Amino acid sequence: YSLLADSPDGIPRCVAAGWTMELVAMNVPGSTSTATVALALDASGRPVVAYYEYPNVVVAVRGASGFTRTTVATTSTSLVTVKRLVVDARGNAHVIYRDYKSVGSFDSTYGWYYLRLAPDGAVSMRVELGDERTFGEALGIGLAADGNGDAHVAYVSYGGSAYAAYYRRTY
């Protein structure tokens, strides 16, 4: 690796074999249950990164002078995973994360959560989508945004006696 401290835009980068690397955040948890990250590009091709930094879910947007970080949710546990990130044509970042809710006699319960971060930093539409009960990794969830900036979500959730597939969208 070589450090480019005097890159054209003034942001230090490490370069190796055609890749550049920039620091987004320090002190991100390293356990297997929380070391998750999601990446999307906005309409201008700028990277947007969502990740968990106890006790916060954070979205970092690359600007002219580096990454600007915004806390979009504060959680009460350290068992959070960021699962999906989509940036729509209007620049809204749509985030889905999973947070621990309770422990049962056989398995644990997690909640799926959705939220939207506007380009001005306003967080809105934080909503719990559904529950998941499992020992291991989260069940499937998909996220897309349409041309109007509405989010579309498909996921599997525990419906009381069985798992079921659901579809939701924002308006």
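Buried means under 20% relative accessible area. Keep that cut-off handy for these exercises, which use a predicted model.

**Exercise 1. Find the strand that holds Arg-62, then decide: is Arg-62 buried or exposed?**

*Solution.* 
- Start with the strand: Arg-62 sits in β6, which covers residues 56-63.
- Next, look up its relative accessible area, which is 10%.
- That value is under 20%, so Arg-62 is buried.
- Finally, check for a partner: the side chain of Arg-62 makes a polar contact of 2.8 Å with the side chain of Glu-22.

**Exercise 2. Work out the surroundings of His-152.**

*Solution.* 
- Pick out the side-chain polar contacts: one joins His-152 to Asp-146 at 2.9 Å, and another joins His-152 to Tyr-167 at 2.5 Å.
- Last, compare sequence with space: Thr-170 is 18 residues away from His-152 along the chain, yet their C-alpha atoms are 6.8 Å apart.

**Exercise 3. Describe the largest pocket: what is its volume, and which residues lie nearest its centre?**

*Solution.* 
- Take the volume: about 280 Å³.
- Go to the lining, made up of 18 residues, with Arg-46, Val-61, Gly-91, Ala-118 and Pro-119 nearest the centre.
- Then sort the lining by type: 9 residues are nonpolar, 5 polar and 4 charged.

Terms used
Residues are numbered from 1 along each chain as its sequence is written. This is a predicted model: local features need pLDDT of at least 70, side-chain atom pairs count only at pLDDT 80 or more; totals for chains, interfaces and linings use all residues. Side-chain values use heavy atoms; hydrogens and water are left out. Contact means heavy atoms within 4.5 Å. A polar contact is a pair of N or O atoms within 3.5 Å; within protein, one must be able to donate a hydrogen and the other to accept it, and residues adjacent in sequence count only if both atoms are side-chain atoms. On a 1 Å grid over the protein atoms alone, a cavity is a set of points where a 1.4 Å probe fits but cannot get out, and a pocket is an open set with protein on both sides within 12 Å along at least five of seven lines; lining residues have an atom within 4 Å of a point. Grid points are joined across faces, edges and corners, and a volume is the space filled by probe spheres set on the points. Ala, Val, Leu, Ile, Met, Phe, Trp, Tyr, Cys and Pro count as nonpolar, Asp, Glu, Lys and Arg as charged, and the others, Gly among them, as polar. Helices (H or I, at least four residues) and strands (E, at least two) are DSSP runs, numbered from the N terminus. Buried means under 20% relative accessible area, exposed over 50%, partly exposed in between (1.4 Å probe, protein chains only). Lists of a residue's contacts leave out its neighbours within four places in sequence.
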